[in-house]
Amino acid sequence: MGRILFYCNLFWLLFSLVTCVESYRLKLGTINTPGPGFFPFSAGLIMLILSLAALFQSIKKKNNVEKTTRQEPFRWWNIVVILAAVTAYAFSLEKIGFLINTFLFMCLLLKVVEPQTWKTSILGGLITAIAANILFNVFFRAQIPSGILGF
Amino acid sequence: MYSFEPKFLPEFWGSDEENTHMDIFKDLLFGFGVSLQPMNLLYCFFGVLVGTLVGVLPGVGPAAALSMLLPITFYVPPVSAIILLAGITYGAMYGGSTTSILVNIPGEAASVVTCLDGYQMARKGRAGPALGISAFGSFIAGTITIFFLIFLAPTLASFALKFGPPEYVALMVLGLSIMVYLAKGSIVNALIMVCFGLILGTIGLDQMTGVPRFVYKSNTLMDGIGLIQVVIGLFGVSEVLINVETTFKQEIFETKVKGLLPNREDWRRSIGPIGRGTVIGFFLGIIPGMSVVIPTFVSYAVEKKLSKYPEKFGTGMIEGVAGPESANNAASTGCLVPTLSLGIPTGAATALLLGALMIHGLRPGPLLIKEAPEVFWGLVASLYVGNVMLLVLNLPLIGLWVKILKIPYYFLFSLILLLCIIGSYITNNNFYDVFIMAIFGLIGYLMKKLNYEAAPLVLALVLGPMMEKAFRRSLMLSDGGLGIFFTRPISASFLIVALLILLSPLFLRKKRLREELRAGD
């Protein structure tokens with residue numbers, strides 16, 4: 001944990017540095033007529049000081065951290081699958097359409113993340129896709145793309 | 001759309017002060033006229049129902065639910081939208097207690113403390129009175145605090161008319177400082193989150209010069225990072241990611257709930273805690289950064305302190321349920337005071353309410369009550385209507401809520417994710433927004449793992465653009481002198497309080513060290 005915290009604070013340090021540099025390029029203006037870069041530069045500068053303090057704290061703590069043992073298996077692949085599925089859903093929505101996309105999305109999650117039978121996954125996906133389409137596109141008229149099916 | 005205006009009602013005789021009070025009642029009557037319109041009643045019902053559902057289900061908080069449903073309200077009139085969204089926030093307070101009492105799982109953070117005595121009451125076969133007193137307590141608190149709100153919000157709004165840009169900057173600094181102070185984990189981490197939020201808030205076109213900032217030729221970023229996508233990611237998606245990384249165990253409650261009406265003895269013991277919880281909840285809820293969670297803990301601590309049997313707290317004392325449950329409902333009304341009268345949100349949920357007002361073309365702030373009376377008074381009256389609905393509906397529906405808890409999590413999380421995607425997408429019908437939501441889902445997940453709190457980030461993201469505008473205007477007004485923030489009494493006092501709040505942990509640590517040294521001697 002101590003090492004993770006160290007890298008985390010290092011990330012904030014780099015982030016604030018980049019913010020300061022980019023804000024400076026936006027022009028800071030003068031104190032009586034501040035420019036577009038003034039506010040983000042100030043916030044970045046405060047963040048830089050804070051992350052430096054946090055970084056030193058984490059270096060101090062790094063050696064005093066006890067190792068914790070995990071009770072249950074860490075299922076990291078579930079996180080990857082979910083984030084990949086959400087991203088794929090977003091980028092294919094306009095081409096494939098809401099109904100098919102939702103069906104595939106639900107099937108995938110039900111089959112992969114907490115594996116269910118094919119019957120449960122397909123039925124769950126189908127019911128959710130139809131219900132969501134009626135609720136959002138018909139009832140709320142949200143105009144989510146219908147894609148290749150056309151409805 | 002609304003044919004009857006409050007000003008058309010007959011004038012009353014009396015002193016100026018009496019007239020003001022009479023005006024308030026006339027306006028409230030007008031508000032009831034608005035909120036009792038069939039469509040608004042329907043939206044109020046839908047809001048409190050969704051709110052209760054959100055409160056019951058662990059893993060979806062009111063902020064995530066608000067952001068998922070906010071885009072749907074684009075298609076309805078502003079007052080109906082606000083009635084619906086507010087219904088979710090206080091409906092969640094009712095729903096949260098159900099799971100705390102029955103299965104020892106708080107549906108949302110404001111009901112954590114209810115687990116302590118509520119669950120113990122359920123284990124002793126007194127789940128009914130515990131659920132009953134939490135519903136009645138919430139109703140009483142909700143009703144009383146509406147009156148606090150109608151007197152305080154207009155007064156505060158007229159006081160806030162004296163505020164210039166420096167006062168607004170100072171007030172926002174104070175709100176953020178309180179949020180930082182109350183955040184779990186280190187203050188430095190919470191301050192980093194505030195800075196991160198402020199920087200994110202600057203993405204997009206500069207409000208004063210029109211210069212694009214941190215956009216990098218992306219059309220999606222030109223309008224800035226959407227609050228809805230950030231909140232859905234940080235509160236909705238991240239919660240799902242946390243739950244699916246390990247095997248999710250679902251507890252199923254098998255006991256039957258009988259006798260929801262508390263007996264005379266229960267009432268005698270609860271009436272004091274309900275009254276105190278109401279006052280504590282409302283006034284703490286007003287303070288930006290407090291949210292609805294802290295007042296419940298304060299109320300519990302007060303009841304324990306005042307009790308003749310403090311040692312029995314945690315074993316099923318009804319006072320430990322009545323106080324906090326009243327406090328969280330009172331706080332959800334209290335939160336509306338700065339949001340509606342100053343345009344300053346107190347947390348993520350009120351930030352989204354504020355966002356909804358802006359999306360509907362309204363200007364939250366001291367002039368809102370004058371410019372959009374139907375929204376303000378309609379909302380205030382709907383709080384009462386919604387509380388009645390919750391009381392009438394919730395007690396008979398407890399069986400249904402318990403059944404909903406039995407929905408398998410593998411299905412529930414898929415559904416939550418789908419709602420997150422739809423909520424992010426339909427804001428602008430832009431699929432890049434879903435991508436942004438996914439990024440913030442991952443950020444939120446990492447933040448939870450590393451003990452960073454999301455609330456300061458969200459509050460800073462909302463306040464950031466307002467703060468920047470007021471800050472730059474203040475500097476222009478003073479011709480570049482930072483003294484403007486310290487020479488004006490209201491602004492100076494806000495800043496001094498903010499400074500004291502931020503420095504207090506240092507003093508407390510020094511004091512503790514000194515005491516430890518003395519003890520060592």
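This is a predicted model: local features need pLDDT of at least 70, side-chain atom pairs count only at pLDDT 80 or more; totals for chains, interfaces and linings use all residues.
Residues are numbered from 1 along each chain as written, chains are lettered from A and ligands numbered from 1 in written order. Local features need pLDDT of at least 70, side-chain atom pairs count only at pLDDT 80 or more, and totals for chains, interfaces and linings use all residues.

**Exercise 1.** Describe the side of chain A that touches chain B.

Step 1. Count residues. Chain A gives 55 and chain B gives 45; contact means C-beta atoms, placed from the backbone, within 7 Å.

Step 2. Find the elements. Helices are DSSP runs (H or I, at least four residues), numbered from the N terminus. H3(A) supplies the largest share, twelve residues.

Step 3. Sort by type. The chain A side has 36 nonpolar, 13 polar and six charged residues. Nonpolar is Ala, Val, Leu, Ile, Met, Phe, Trp, Tyr, Cys and Pro; charged is Asp, Glu, Lys and Arg; polar is the others, Gly among them.

**Exercise 2.** Locate the domains of chain A.

Step 1. Read the bounds, which come from an automatic or database assignment. Domain 1 is 2–62 and domain 2 is 76–149.

Step 2. Take the C-alpha centres. The two domains of chain A lie 40 Å apart by this criterion.

**Exercise 3.** Is Asn328(B) buried or exposed?

Step 1. Asn328(B) is in helix H13 (residues 319–334) of chain B.

Step 2. Apply the cut-offs: buried is 20 or more other C-beta atoms within 10 Å, exposed is 12 or fewer, partly exposed is in between. Asn328(B) has 36, so Asn328(B) is buried.

Step 3. List partners. Beyond four places in sequence, Asn328(B) touches residues including Met93(B), Gly281(B) and Pro295(B).

Terms used
Two residues are in contact if their C-beta atoms, placed from the backbone, lie within 7 Å. Helices (H or I, at least four residues) and strands (E, at least two) are DSSP runs, numbered from the N terminus.
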